Amino acid sequence: MKQFISLLITSLNVNFGISALRYRFTKEKKRLWEPILIGLSIILSGVSVLSLYAVFLQAVYQGGQMLNSPELVLLIAILACQFMVFIFGIFYVISAFYFSTDMELLVPLPLKPYHILASKFIIIVVNEYLVTWPMLLPAIIIYGIGMQPGLIYWLKGLFVLLLTPVIPLVLVSIFVLLLMQVVSIRKNRDVLAVVGSLLGLLLGLTINYFAQKLPKNSSQQFIQDMIVARADIIKLIGRGFPPSIWATYGLARQTLEGWMYFALYLVVSAALFGFLLWVANLIFYKGLLAGQETSRGRKKLLVERINVQVEKASSPVMALFGREWKLFLRTPVYAMNGLAGTIMVPFIMLMPFISRAEEMKDLLMQIRQPQFLMWTTLGCAGLVLFASSINIVACTSISREGKTFWISKMIPVPARQQVTAKLLHSMAMSGVGIVITTVVVGIVVQLSVIRMFTIFVLCLLGNVLLNTLNLLVDLIHPRLEWDNPQEAVKQNLNGLFSMLLTLAVLALSVLLIAIFFKLKASEWIIYAVLGLALGLLSIPCLKILYNLAESQYRRLEV
């Protein structure tokens, strides 16, 4: 047990960089502005988002009171947290269990397989708290203030906060352990892991869609029917994932029945965690070590074949562009974070039009009217630009290299060409998102080919600017010290800066459109001015990026 506790404390220290932060605050006082600036950015952005979220939860609580089920606000928050953990936990677990660089140090140590896996699992749970607590705590506070259930409720709430990510993460972990038993015997282990994660993401979205789908009649009529039939709304909504019901009833009800639900939630969470450790002790090392096996090559290198390969050699930029793709796709957590938005956003956009076709019909007819086509086109362009720019490809392009960054410093290729390859890679990813989302939007709204092409061009120019800015942010402030690929993307605050930059560019575009609309410029003049502005802004940003690349590549150390 002492070994496990020591391992866990060390892992927490490394994961959150506690020693590095302590050193920075005590020794490098000249750089104190960095964490302070980051903290203020998180607080400002977090407060605005949480305020809107709290307003939504307050409305849910009031609606639940009308249905005589005020605990509905707890169920919605718990269910949302567990669903998010289940979907995104797939690639976090794969990354932590099988792609951590510290595994080479941990496996030879006198530790049981379940010691290592348990410490990794707890680290993932603690990281999930950063997402689940801001989602769940407002719901607990709103219900507690509204119903005033007493001290026991707040103590139970603490346990629910701690245990909410456990059950979905255990299920995901067991799935990943079994998956790696299959893919470890294949040559394309990493590709299959990425495909499995993508399939899990689509499966989760599909299950959630059908589980939450209302009947064909209106939602208002649906609620009225439930009141008339005295249906239990909590069970009706939470039946897709029973643990959310147990947590809700265990937290909200102070009777013996509530304590039984609460005990059931605790026991099932502990039992599933114990089962995970038992499974890990049997198969974890087998799947982990199988992925590190190499086979002896039997091919002979002929002079003719070498000459052919040399003649086919590409330029340094294209060679590095290919390397970016390979490194990106070989690590599931990178591929999933980059592809998730491209896949999820069009799918989520289609859901309302499929499930509420009759309700959306009137809205679609309105926005298709000739007098609204300009605003429809600009609105769709803004949506496509946002959807295609939410990936983390550009803002973690240098951070993803981690401790292997020394290779980029040593190869005889100028830093200017290296960042060009990274920019092309991020543009390729954004381009995929632009094409998919534009096609989906165009089909749903029934835009003409010319308008769809206009959206594509505007968003392409916008992504050149955004990817340049995001790459510049990562060049200035990369995170090269990490032991788990998950840390390079999920715990990299450059993703937050990327989101803020996207919102800033969208706000600037809206301001520019408003000015020229006020000047009574024609529709196509507005498109031309907007595209020209985005293109011109990209030029100085590219120049700054290239000028800074050489000095930063010399300065950065790993």
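This is a predicted model: local features need pLDDT of at least 70, side-chain atom pairs count only at pLDDT 80 or more; totals for chains, interfaces and linings use all residues.
Student: How do you know which residues of α20 and α24 meet?

Tutor: Contact needs heavy atoms within 4.5 Å. On the α20 side, that picks out Ala-415, Arg-416, Gln-418, Val-419, Thr-420, Lys-422 and Leu-423. They meet Leu-542, Tyr-546, Ala-549, Glu-550 and Tyr-553 in α24. By class, the contact has seven nonpolar, two polar and three charged residues. The crossing of α20 and α24 is right-handed.

Student: What makes α21 and α24 roughly parallel?

Tutor: Angles under 35 degrees count as roughly parallel. The axes of α21, residues 449-476, and α24 cross at roughly 25°. That is under the cut-off, so the pair is roughly parallel. The two axes come within 8 Å.

Student: Which hand does the crossing of α21 and α24 have, and how does their contact divide by class?

Tutor: The crossing is left-handed. The contact has 22 nonpolar, six polar and three charged residues.

Student: Why is α6 called roughly antiparallel to α7?

Tutor: The cut-off is over 145 degrees. Helix α6 (residues 113-147) and helix α7 (residues 151-163) cross at roughly 155°. That is over the cut-off, so α6 is roughly antiparallel to α7. Their axes come within 9 Å, and the crossing is right-handed.

Student: What meets what between α6 and α7?

Tutor: From α6, the contact includes Tyr-129, Trp-133, Leu-136 and Ile-140. From α7, it includes Tyr-153, Trp-154, Gly-157 and Leu-161.

Student: How many charged residues does that contact have?

Tutor: The contact of α6 with α7 has no charged residues. It has 15 nonpolar and two polar ones. Gly counts as polar, and both Gly-144 in α6 and Gly-157 in α7 are part of the contact.

Student: How do you know what lines the second largest pocket?

Tutor: A lining residue has an atom within 4 Å of a pocket point. For this pocket, 47 residues line it. Phe-99, Ser-100, Thr-101, Trp-482 and Pro-485 lie nearest its centre. Elements giving two or more residues to the lining include α1, α4, α6 and α22. By class, the lining has 17 nonpolar, 17 polar and 13 charged residues. The space in this pocket is about 1,300 Å³.

Key. Residues are numbered from 1 along each chain as its sequence is written. Side-chain values use heavy atoms; hydrogens and water are left out. A crossing is left-handed if the near helix is turned anticlockwise from the far one by less than a right angle, and right-handed if clockwise. Helices (H or I, at least four residues) and strands (E, at least two) are DSSP runs, numbered from the N terminus. Axes are lines fitted to C-alpha atoms, for helices over the stretch in contact, and angles run from 0 to 180 degrees between N-to-C directions. Angles under 35 degrees count as roughly parallel, over 145 as roughly antiparallel, 65 to 115 as roughly perpendicular and the rest as oblique. On a 1 Å grid over the protein atoms alone, a cavity is a set of points where a 1.4 Å probe fits but cannot get out, and a pocket is an open set with protein on both sides within 12 Å along at least five of seven lines; lining residues have an atom within 4 Å of a point. Grid points are joined across faces, edges and corners, and a volume is the space filled by probe spheres set on the points.
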